[in-house]
Amino acid sequence: MRINVTQFVTLDGVSQGPGSAEEDPTDGFERGGWFVPYLDETFVKQASDWLDLADGLLLGRRTYEAFARDWPHIAEPDPFTARMNTLPKYVVSNTLGDGSWNPTEVFRGDPITAARALQSRPGGEVQIHGSARLASALLAAGLVDTLRLAVAPVIIGQGRRLLSHPGANAGLELVKHQVNQTGLVVLEYETTGVAPLADYNGSPALR
């Protein structure tokens, strides 16, 4: 399976608590719910199309516990409820038990080893939603195949950022993009390995 990272982020890179004030108040975060004002039917359709590609969800413990708490109580006709509740869930954690949000498989030990094991399985995409630390670690290890970002036109100024952990630099190729009427910028990248670096020696057009 290919590993896909799908994330909602602010313009300053915060990915914590996009859905509500109560979603993830850890570390004193008080500005949750920043993504909701920019939702529209166009993006809901886009997000639903993305979820159609998933053969499973790969999550860290914190995101798994929040999703397991909330999604079983989100009633249809929400367009995501049935799929979120029935897709296989793969959780990387050394502290979680068996998991109550079935079907769930818990991977112990190194998340890199767990991700490689999933990549070796047949199927389409295993998608990471939330789980910023896990997503960042796998991106730094070169194990992410696709990165999808929905960038909200807001600067939050506090909270956990998606790509804040040290690791190897990563090159990306923009393969799709769109701007919604609400101001959301939707970007899809394929990873290309290590990002190239160079020194600026003047514009070639001026030589």
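Trainee: How many positive and negative side chains does the protein have?
Mentor: The protein carries 17 positive and 24 negative side chains, with the centres of the two sets 4 Å apart. Lys and Arg count as positive and Asp and Glu as negative, while His and the chain ends are not counted. Each charge is placed at NZ of Lys, CZ of Arg, CG of Asp or CD of Glu.

Trainee: What kind of model is this?
Mentor: It is a predicted model, in which local features need pLDDT of at least 70, side-chain atom pairs count only at pLDDT 80 or more, and totals for chains, interfaces and linings use all residues. Residues are numbered from 1 along each chain as its sequence is written, and side-chain values use heavy atoms, leaving out hydrogens and water.

Trainee: Where does Glu 188 lie?
Mentor: Glu 188 lies in strand E8, residues 185–193. Helices (H or I, at least four residues) and strands (E, at least two) are DSSP runs, numbered from the N terminus.

Trainee: Is Glu 188 buried or exposed?
Mentor: Glu 188 is buried, because its relative accessible area is 10%; buried means under 20%, exposed over 50% and partly exposed in between, with a 1.4 Å probe and protein chains only.

Trainee: Which side chain does the side chain of Glu 188 make a polar contact with?
Mentor: That of Arg 148, at 3.4 Å. A polar contact is a pair of N or O atoms within 3.5 Å; within protein, one must be able to donate a hydrogen and the other to accept it, and residues adjacent in sequence count only if both atoms are side-chain atoms.

Trainee: And the overall make-up?
Mentor: The protein has five helices and eight strands, and buried residues make up 44% of its 207 residues.
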